[in-house]
Amino acid sequence: MKDQIALIDILRKCFTGDKISMNYHGLFDDAFTEQLIALAESDVEKKAKKRMALLISESFQNIVRHGDLEVSGKEESMFGIRGIDKFLHIFSANSVSKSTKDFLEEKLDEINKLDKEQLKALYAEALENGTISSKGGAGLGLIEMARKSERKIQKKFKKITEELYAFYMQIDLVIGETIEDEDETQSEPISIKENEIIQELITEHEIIFLYKGDFSSDTMNPILSIMKQNTNDENGKSIGFKIFHSSVELMQNIVRYGAEIDGKKEGIFSLNKTKNGYYLCTGNYIVGDSENFEKFISDINQKDKTELDLLYRKTLKESALNDDDSAGIGMIDLRRVIMNKIDVAKGIDSKGTYLMIGLEITYK
Amino acid sequence: MENKIISETDFGPEITMDISGKISIAGKSMMEDASLFYGPCLSWVEDYIQNKKEGLQIEIDLNYFNSSSAKQLMKLLMKIDDAEIGGNVVWIYPTENDVLLERGQELEIMLDLPFKYSPK
């Protein structure tokens, strides 16, 4: 399963410059909007929060509303948020019919030609007439997004069949300080092509959720809520519970042991589907080296269920008696609950030593 | 001695402590550092053991608890286990969740306190 960790490591490197990165390829339901906003909010300045929330929900709901036309059995819809420099990029991908594609292309071309005042006029006109298109509120939503982001909407269509197109859209919202120096005014948002590549990786490997950013109690709750709603106990008893438990323990490991860099406990968290269940992976910078930890994991990987149960009870009792740090209990417990080996990988980059932990939770 | 209630939070359960000898822990327990949350409950139990003669009944009705909480539950139950007054545990678990039932059975193995199981 080391290749699963390697994949997340590649994505982690893609997001090196991201202050926050979140990619969602799970169930598309309005219920998730709130959690996605809560996660993105931590990195956004107060005055941009309202606009950010509006753009996220408008963009996410576009996918929910237009549904997903399945292509060769794989779901293509994806939603992503990336904070890079002064921008927050909001990316969405979904498949659309030929007629919707024609409508969107025309509408976006028209909107992208207009300046602020013209957009305002078009919005007023659309509100008044209420008949801007036969495709529901899509037109109005697009004008609103262009107005709020104050930038051209990036778009791309890719032909899948004669009747089906992949539709990529990216909103670039300025969320940081706009300092009027040369560098700032010159900085441009990333191209939609970059996110198209990320989308391909995410759909290909069935990554349900990937988050890179600061880890704290505030980020844990929305992530756990997303995990819970995407991993019901449909096919095997307790698989949702095991994913929830593994997510809690691994994220708390980051909060507890992760190295703080620039005032943040930066880490990565991902969940993807596998042939036999799900693969959960986390990574973070560490203080010192990881030799002891790697040895400890290698030891518990060799043990069978009975040995693990005994070790867990012994460690639990000792830590309850001695009031010491409960180091190790969580990992022993995860190992015996999932009964698959725990993967560990280490990397070194300019910021320090990075440790990744991965585990597969399988249907029994 | 007084009755005491620790309110439920996003990460912590509700704990009610009644001087008639009943403690109830209900909800979910997933704090990163559970010792802070359970601290007042442990002190209350110590007080109880010193001042009361009746055994304690602990009703544990948790839908989830993490490893940090497991340690605190163990501490709490060990205190009662070691005390002369003794007590018993009612372990309430969701019917469909085998893991939570096993968690109770495991604690029972590690302690002398009698356990009663109640699916919900």
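Tutor: What follows goes through that domain, its contacts and a few related pairs.

Keep in mind that this is a predicted model. Start with the division of chain A. Domain 1 of chain A is made of two stretches, 1–21 and 208–364. Domain 2 of chain A covers 26–205.

Now look at where the two domains meet. On one side, 22 residues of domain 1 of chain A are in contact. How much area is buried between domain 1 and domain 2 of chain A? The value is about 1800 Å². Carbon and sulfur atoms give 64% of that area. On the domain 1 side, A:Lys19, A:Ile20 and A:Gln229 lose the most area to domain 2 of chain A. Together they give 28% of what that side buries.

Side chains of opposite charge can pair when their charged atoms come close. Across this domain interface the rule finds one salt bridge. A:Asp18 forms a salt bridge with A:Arg82. Their closest N and O atoms are 2.6 Å apart. The rule also finds six residue pairs in polar contact across the interface of the two domains of chain A, both residues being at pLDDT 80 or more.

Which elements of domain 1 of chain A supply at least two residues each to the side that touches domain 2? They are helix H1 (2–14), strand E1 (18–24), strand E6 (207–214), helix H9 (217–230) and strand E7 (266–273) of chain A. The largest share comes from H9(A), with seven residues. By class, this side of domain 1 of chain A has 11 nonpolar, seven polar and four charged residues.

Now turn to the other partner, chain B. The contact between the chains takes 32 residues from chain A and 26 residues from chain B. Chain A and chain B bury about 2500 Å² between them. Carbon and sulfur atoms account for 57% of it. The count between chain A and chain B is four salt bridges. Here is a salt bridge to find: B:Glu32 with A:Arg256, where the closest N and O atoms are 3.1 Å apart. The rule also finds 10 residue pairs in polar contact across the interface of chain A and chain B, both residues being at pLDDT 80 or more.

Four helices of chain A each supply at least two residues to the side that touches chain B: H9, H10 (239–257), H12 (305–322) and H13 (329–338). H10(A) gives the most, with nine residues. The residues on this side of chain A divide into 12 nonpolar, eight polar and 12 charged.

Follow chain A on to strands E9 and E10. Strand E9 (residues 343–349) and strand E10 (residues 352–362) of chain A run antiparallel. Seven bridges join them. A hairpin links E9(A) to E10(A) through two residues. To see a bridge, find A:Ile348, whose partner in E10(A) is A:Thr353.

Finally, step back to the whole structure. A search over all chains finds 29 salt bridges. The side chains of A:Arg151 and A:Glu188 meet in a salt bridge, at 3.9 Å from N to O. This pair links distant parts of the chain, 37 residues apart. A:Arg151 lies in the loop between helix H6 (138–149) and strand E4 (154–161) of chain A. A:Glu188 lies in the loop between helix H7 (182–186) and helix H8 (192–204) of chain A.

Definitions and conventions:
Residues are numbered from 1 along each chain as its sequence is written. Chains are lettered from A and ligands numbered from 1 in the order in which they are written. This is a predicted model: local features need pLDDT of at least 70, side-chain atom pairs count only at pLDDT 80 or more; totals for chains, interfaces and linings use all residues. Side-chain values use heavy atoms; hydrogens and water are left out. Two strands pair if DSSP finds at least two bridges between them. Domain bounds come from an automatic or database domain assignment. Contact means heavy atoms within 4.5 Å. Buried area is the accessible area (1.4 Å probe) that two parts lose on being put together, summed over both. A polar contact is a pair of N or O atoms within 3.5 Å; within protein, one must be able to donate a hydrogen and the other to accept it, and residues adjacent in sequence count only if both atoms are side-chain atoms. Ala, Val, Leu, Ile, Met, Phe, Trp, Tyr, Cys and Pro count as nonpolar, Asp, Glu, Lys and Arg as charged, and the others, Gly among them, as polar.
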